Amino acid sequence: MDLRNQKRETDSGRVPKFFYSCQRKKTETIIEVIEIDPEVDFENQEGEFDSRHETKIADAHHKIKTETVKYAIGSVSSIFPFDLNSIPRRPRTKIKRKFKGNVALSRSKEKLNSGDFDFYLAKIWRSFSEDRKRSFTYLDSLWFGLYRNAKCKDKVLSWINKKHIFTKEYVFVPIVCWGHWSLLIFCHFGENLQSFSGSRCMLLLDSLEMADPRRIEPEIRRFVQDIYKAGDRPETKHLISQIPFLVPKVPQQKNDTDCGNFVLYFIKLFLELAPDNFSMEGYPYFMKKDWFSFEELDSFCENLVR
């Protein structure tokens, strides 16, 4: 089915939503347009998007009625301010594996799409005890991308409100922007205003620091301001703007496809190792360049697809 050219009638006054799904094809990016019913509750629609697409969402836009959307962008290499071919690559060893319909994570030549990412994240989550998970929660990998579209923002904030993130010590926020995965972690966002522990902060874990992770900080800070406002929190804008934004030096990928795998491993290890009370005095804790080896990452990926 050619989704790009498909039109669908809509009721009067209803605006269909179009989600762009990027697919990499050599040096050209192709965007497929998927029309989504505006009444769909995305929060409860697991597997809503076709796994053939590179990501659930690269960006979200609205068009009135059934007007055809045409959008073109340049080459994949223009996404980052550097040449992806310049990234050093580690040698690959040939290992025979048997997969039963699962997506191979480690050494895959393609990036994880959002559907596969969410599937593996849910699997990681189930592997931990309820007692351990009590202080943690995570947001859907689609939500930050949806929030960036003004017409979806209020809906996303209402979904986040239902997650009661201010009752949790840590909140994982997977982010996929410009075709790259990174992990945002909210630490102690429910901390009392009078607390002097200095534990409330944001961590951004990025396996491709040459892409300049801090360039997304302004959008993240707007996101956080809106989350506090939607949650009817007493914090002032000034206080929220003072929340530290930290980018620790973590292990780096050596190709242009492993970012999703790194984010999954970041989540697993953080769940295992995070202190009960995060403090600036102990930062960066375990989050260092030698946090884990590539062999450990490969082993994690292989175990995850079994």
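**Group meeting: the sheet and the nonpolar cores**

Three bridges join strand E4 to strand E5 (residues 170–177), and the two run parallel; helices (H or I, at least four residues) and strands (E, at least two) are DSSP runs numbered from the N terminus. This is a predicted model, in which local features need pLDDT of at least 70 and side-chain atom pairs count only at pLDDT 80 or more, while totals for chains, interfaces and linings use all residues. Residues are numbered from 1 along each chain as its sequence is written, and side-chain values use heavy atoms, with hydrogens and water left out.

Within E5, Val171 is the bridge partner of Thr137. Helix H1 (residues 114–126) packs on the sheet, touching E4, E5 and strand E6 (180–187), where contact means heavy atoms within 4.5 Å. The direction of H1 makes about 165 degrees with that of E4; axes are lines fitted to C-alpha atoms, for helices over the stretch in contact, and angles run from 0 to 180 degrees between N-to-C directions.

The largest nonpolar core has 42 residues, of which Leu203 and Phe270 touch the most other members. Such a core is a set of buried Ala, Val, Leu, Ile, Met, Phe, Trp, Tyr and Cys residues joined through side-chain atoms within 4.5 Å, buried being under 20% relative accessible area (1.4 Å probe, protein chains only). Elements giving two or more residues to this core include strand E7 (201–205) and helix H7 (259–273). H7 supplies the largest share, 10 residues.

Apart from this core lies another, of 31 residues, among them Leu142, Val156, Trp159 and Val224.

Definitions and conventions
Pairing = 2+ DSSP bridges. Buried < 20%, exposed > 50% of the residue type's maximum accessible area, 1.4 Å probe, protein only.
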